[in-house]
Amino acid sequence: MTSDRPRDVPGGQRLFGTDGIRGIANQEPMTSETSLRLGRAIAHVVGDDGLGKPARGALGRRRTHRRRILVGKDTRLSGYMFETALASGICSMGADVLLVGPLPTPGVAFLTRSMRADAGVVISASHNPYQDNGIKFFSSDGFKLPDEWERRMEAMVWGGEHDGHRPVATEIGKAYRIDDALGRTIDFLKSTFPSHLTLEGLKIVVDCANGAGYRVAPEVLTELGAEVVPVAVEPDGTNINLDCGSVYPEKARAALREHGADLAVCLDGDADRALFIDEKGDLVDGDEILAMCAVELKRTGRLPTGTVVATVMSNMGLDVALRGHGIEVLRTAIGDRYVVEAMRRDGHNLGGEQSGHLVFLDHNTTGDGCLTALQVLALMTERERPLGELRRIMGKLPQVIVNVPVREKRPLSELAQVQARIAESEHLLDGRGRVLVRYSGTEPLARVMLEGESEDEIRRLAQGIADAIESNLGVPA
């Protein structure tokens, strides 16, 4: 059993969760005022005297260029507000801003690295509804910020550590629009697809969730030869993730059946994850994609450690399937940052989450829905097999997840009734399943997950734990 507790900062306040900062737009912490201070904080920590690049560059010469921070966003209405506030804060510290507009989160990570920026910022709440928004940061290498950076930034926002530094005159930063950001990202994605293959003859539904991938994904697939049926590619600021995308695959399933497509790809709002629908209309999740890609990488000698990184949420069927091919599964806490940390630490090149957030570290530094789709399509094309056949490499154990809205996130270990229900369930499932209870890192929810041989049994046990949580922490009606 694990719980997802906030990382504390002095005074009990905190900004960063497991995936950046997130909340209701125009309410703390997602306000213009806090965003401006975050802009000042990121510009400060990437300075020569901070935690960013070394002070010396080529031939040992001291770097003299301005700090440059790249800022992208998804399609939410509030993105304009936060983009302006962040840019103002960054410029006020003497750093320049590179504005790329709506772009997938992994595209921002790639461009941060490719353009040698000192940091990257994404304004997005991923799969959440448009009323929410969030901010996540990348360091100059395209990886999400280490804890040390986040702790310093939190201290600056709450304590005003940088308020005394006010550049003036020509030291104030500038903001620039990067007009070819979309083209750069498309070219990068196409470069990850094997040059001897083409998507000609495939009809692909791509549901872009009215989000950041609404232009990138259809253009990439079209340029590689596919016949593309675009879905949810008309963002209006309020329809991101609304009855579409990875949170609502029914729209893509209907389009697949209507057009007789070979498969459908469902992105989320910032296009860092992808779920699939096979030619029969069945949903294919991240565990199944992880399994088929791992076996293919192992078969072709491209899985150097023989290990795949997954989280504690991944189905036990993943372990069983990969063990049969001589591949081990290393599990981490929930959150792609923990998956990537384990991959970098131990030299693994493939990892991901059941939600469809897959990381192909040979190509990019974070989860990438479009990149994942291209890897799946390359496998289908190379093996000349439909997705419905490839997915059979893994069999799933029944899994039940119950989300419980909570008014506060008290440590689960302090709730005796909840602990008793968990202990009872673990005893009943001993050797036949598992129990995982945790708090969401981004929403006021407790998540109860059980796996076992009998779906009826685990559903009953999960509901019992959920009822105990609700009686202690439930939101009043």
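Where is P29 found? In this predicted model, P29 belongs to the loop that connects strand 1 (21–24) with helix 1 (32–45). The peptide bond leading from E28 into P29 is cis, and its omega lies near 5 degrees.

From this loop the reader may turn to the sheet. Strands of a sheet pair through backbone hydrogen bonds, either parallel or antiparallel. Here, 6 strands form an open sheet with mixed pairing, arranged in the order 1-5-4-2-3-6. Strand 1 and strand 6 (175–177) are the edge strands, each of which pairs on one side only. From one strand to the next, the twist averages 20 degrees. Within the sheet, strand 2 (residues 68–73) and strand 4 run parallel and are joined by 5 bridges. G72 has V122 of strand 4 as its bridge partner.

Helices accompany this sheet. Helix 1 packs on the sheet and touches strand 1, strand 2, strand 4 and strand 5 (132–139); the direction of helix 1 makes about 5 degrees with that of strand 5. Helix 2 (residues 79–92) lies across strand 2, strand 3 (96–102), strand 4, strand 5 and strand 6, and runs at about 165 degrees to strand 3.

R116, in the loop between helix 3 (105–114) and strand 4 (119–123), has a positive phi of about 60 degrees although it is not a glycine. R116 counts as exposed because its relative accessibility is 55%, and exposed means over 50%. E384, in the loop between helix 11 (369–383) and helix 12 (387–390), is likewise not a glycine, yet has a positive phi of about 55 degrees. With 66% relative accessibility, E384 also counts as exposed.

Note on methods
Residues numbered from 1 in each chain as written. Predicted model: local features only at pLDDT ≥ 70, side-chain atom pairs only at ≥ 80, totals over all residues. Heavy atoms only, no water. Helix = DSSP H or I, 4+ residues; strand = E, 2+ residues; numbered from the N terminus. Buried < 20%, exposed > 50% of the residue type's maximum accessible area, 1.4 Å probe, protein only. Pairing = 2+ DSSP bridges. Axes fitted to C-alpha atoms, helices over the stretch in contact; angles between N-to-C directions. Contact = heavy atoms within 4.5 Å.
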